[in-house]
Amino acid sequence: MKIMTIYAHPADTITNCGGTLARHADAGDEIVAVILTHGGRIHPNKYAEELRKENPDAAIAAAGIEEIAENKREELRRAAEIIGIDTVVTLDHDDVMVTVQPEMVEQVARLVAEHTPDVVICDYPHNTAVLSASHTLATMTAIAAIERAGMYLKNVDDQAEVDVQQIFLGGYPSFANDALSTYGQRNDLYVDITPVVGRKIAAMDCFESQGYAGLFARKLIESNNGEFGRAAGVNFAEAFVRYRPETHELLPLVPRGREDVLTRHVAYSQINVRDQFPLP
Ligand SMILES: [Zn+2]
């Protein structure tokens, strides 16, 4: 299987579906991660915190957007290696997205045509609607690009049509950060990331400049992936919502985590993240 992820910012790929990607990498699947913006303005903790000091480190304080962005690209490169992502494509648009841009849609459509992914993974477009509209815009860009790639005509666009089989939108969190975002347990598919949870933590530890390393990485895994895991009946899970309905010849039957209703909550609470994966 070929998987393409399309996200707004460098760390999104890892925080949203890093565990799922690690499992697919282990299964021999090919993964291309597309990042639309350089993400220099989102969580610039290392730089913003230094600037708040009375006597900031001159080298850090002098960093411009290109230096901040290059540091993020390097953090992503290290994280992608840990997860097993084959190709990272950073488009480096400025992270001030306010609307879907036709040129960006075409750019992503060309990448879809170049890599011909079977499936695409991106954010749920209402997650979150207000606080980080760039996530919504990234997904609208991705969907528009997939539709565009599906309508390429060889004699007109110098490119034959490309059919992406499915789009997996990142699952809903239990709580929303704002009143306009969708939230709740409406996820219709979970991936058990328990066997690779240490790699997801190690990959998140790479994002030092935005304060994701260390405690935050463990907090996110415990709370977010732990809550999805609770719903899925496993220690840690990533949640998805299928964009298109699926067609089967027979009703699908899948193993549903731990079946023993008496002990399942104990069974899926066996891993102490902070004990097993100590701070770097
Ligand atoms: Zn983001």
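## Before you start

Because the model is predicted, local features are given only at pLDDT of at least 70 and side-chain atom pairs only at pLDDT 80 or more, while totals for chains, interfaces and linings use all residues. Residue numbers start from 1 along each chain, following its sequence as written.

Helices (H or I, at least four residues) and strands (E, at least two) are DSSP runs, numbered from the N terminus.

## The sheet

Let us begin with the open sheet of 7 strands, whose order is β3-β2-β1-β4-β5-β7-β6, with mixed pairing. Two strands count as paired if DSSP finds at least two bridges between them. At the edges are β3 (87-93) and β6 (189-192), each pairing on one side only. On average, neighbouring strands of this sheet are turned by 25 degrees against each other, direction ignored; axes here are lines fitted to C-alpha atoms, for helices over the stretch in contact, and angles run from 0 to 180 degrees between N-to-C directions.

Strands of a sheet pair through backbone hydrogen bonds, either parallel or antiparallel. Here, β4 (residues 119-122) and β5 (residues 166-170) run parallel, joined by 4 bridges, and I121 has F168 in β5 as its bridge partner. By contrast, β5 and β7 pair in the antiparallel sense over 3 bridges, with F240 in β7 as the bridge partner of G170. Another antiparallel pair is β6 and β7, with 4 bridges; there, Y190 stands opposite A239 in β7.

Helix α6 (residues 133-150) has 18 residues and spans 26 Å from its first C-alpha to its last, close to the 26 Å expected at 1.5 Å a residue (the expected span is 1.5 Å times one less than the number of residues). This helix is mostly covered, with 13 of its 18 residues buried. A residue is buried if 20 or more other C-beta atoms lie within 10 Å of its own, exposed if 12 or fewer, and partly exposed in between, with C-beta atoms placed from the backbone.

Helix α1 (residues 12-26) packs on the sheet, and the strands it touches include β1 (2-7), β2 (30-37) and β7 (237-242). Contact means that the C-beta atoms of two residues, placed from the backbone, lie within 7 Å. The direction of α1 makes about 175 degrees with that of β1.

## Two residues to look at

Most residues other than glycine have a negative phi. T116, in the loop between α5 (102-115) and β4, has a positive phi of about 40 degrees although it is not a glycine. T116 is partly exposed, because 13 other C-beta atoms lie within 10 Å.

D158, also not a glycine, has a positive phi of about 60 degrees. D158 sits in the loop between α7 (154-157) and β5, and counts as exposed because it has 9 C-beta neighbours inside 10 Å.
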